[in-house]
Structures are given as structure tokens and as C-alpha cells.
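This report describes the arrangement of strands and helices in the structure shown below.

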Amino acid sequence: MVFTRLAPKKLALLIACGCLLMAGCNRQHPTAATENSGDRDLPVVSGSRLEQYIRDSTQPVLVEFGVDYNCPRCAQTKGDVVRLRESLDGHVDVVRVDFNANVQTVAALGGTICPTYVLFDRGEPVLTESFPVAIDLLEGQILRQTDGPIH
């Protein structure tokens, strides 16, 4: 079989892409996500600017790798993630990066499906969770990782 000849990282990426396509995130989208577009509830950072954004942040950054279209999982969790952002306000920055345009980055960070959440602290990834994950449990993990206040 062809898959046995692939390097492990390429195989993992291929599997992640296959899961993505089978799980319902449509790769056809109207436009690539643009930074801070006004029609979204979460600030959007382009994948090409993500590393600089994280490095420049004075606080931990939770990145939701998701999409705003044709993904029932992202639609299901969107309101919860917005509430999480409000709950963590001033302690952890929460932004969205387009999953489909950054599949390789997500796979390298240990993500398996959209939405995937990656917490960066001091520029380093310290937590990766992929759907399904309860947002309140994710918040608890984030607060433990960052020694944040318990609500």
C-alpha cells in the first residue's frame, strides 16, 4: 500500500486531511480569512501572521483553528468560544485562525480536526485540544496552564 512508504509526518498530515474532508469541513470557501474582519465574533489572525502575533502578545494566546462556514462543529462551538473569550478577557487572548488554510500548522501542533484549540504561553504551545472538547473543561485547563484566576 502507498501509505506505508510515506514518512510518518506526511502520513499524519494525510490522515488529518482525510479526517477533515470526511468530517464535513468544506475546503471551498468564499475568501480566505482576513485579519480582524468585522463580520466575525472572534478576532481573526491570518496564518502567515500568527507566529508574530503570538510572539508580540503580552499574555497567553488561545488560538481556535476553525472556520466560519460549512462546518457544523465550528458552528456548534462558536458561541461557547465567544463566551470563553469574554470570560478570559484580560488574562488570555482568544483569536481564530482559518483551519483549512493552515492544515499543516494544525497537524504540527497536534490538532486532528476542526475546531482545534492551541494555547500558547510565552510563545510556546502548551496545550492542544481538538473537537469534541467541553468549553468549560478547556477553560479549566487553560487556567491551570496559565496560573490564572479561578472564577
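## The sheet

In this predicted model, local features need pLDDT of at least 70 and side-chain atom pairs count only at pLDDT 80 or more, while totals for chains, interfaces and linings use all residues. Residues are numbered from 1 along each chain as its sequence is written, and side-chain values use heavy atoms, with hydrogens and water left out.

Four strands form an open sheet in the order S2-S1-S3-S4, with mixed pairing. Strand S2 (93–98) and S4 are the edge strands, each pairing on one side only. Direction ignored, neighbouring strands of the sheet are turned by 25° against each other on average.

## Parallel pairing and helix packing

S1 and S2 pair in the parallel sense over six bridges, and Val-63 stands opposite Val-95 in S2.

Helix H2 (residues 47–56) lies across S1, S2 and S3 and runs at about 165° to S1. H3 packs on the sheet, touching S1, S2 and S3, and its direction makes about 150° with that of S2. Contact means heavy atoms within 4.5 Å; angles run from 0 to 180 degrees between N-to-C directions, with axes fitted to C-alpha atoms, for helices over the stretch in contact.

## Helix H5

Asp-147, with a positive phi near 55°, follows H5.

Conventions. Helices (H or I, at least four residues) and strands (E, at least two) are DSSP runs, numbered from the N terminus. Two strands pair if DSSP finds at least two bridges between them.
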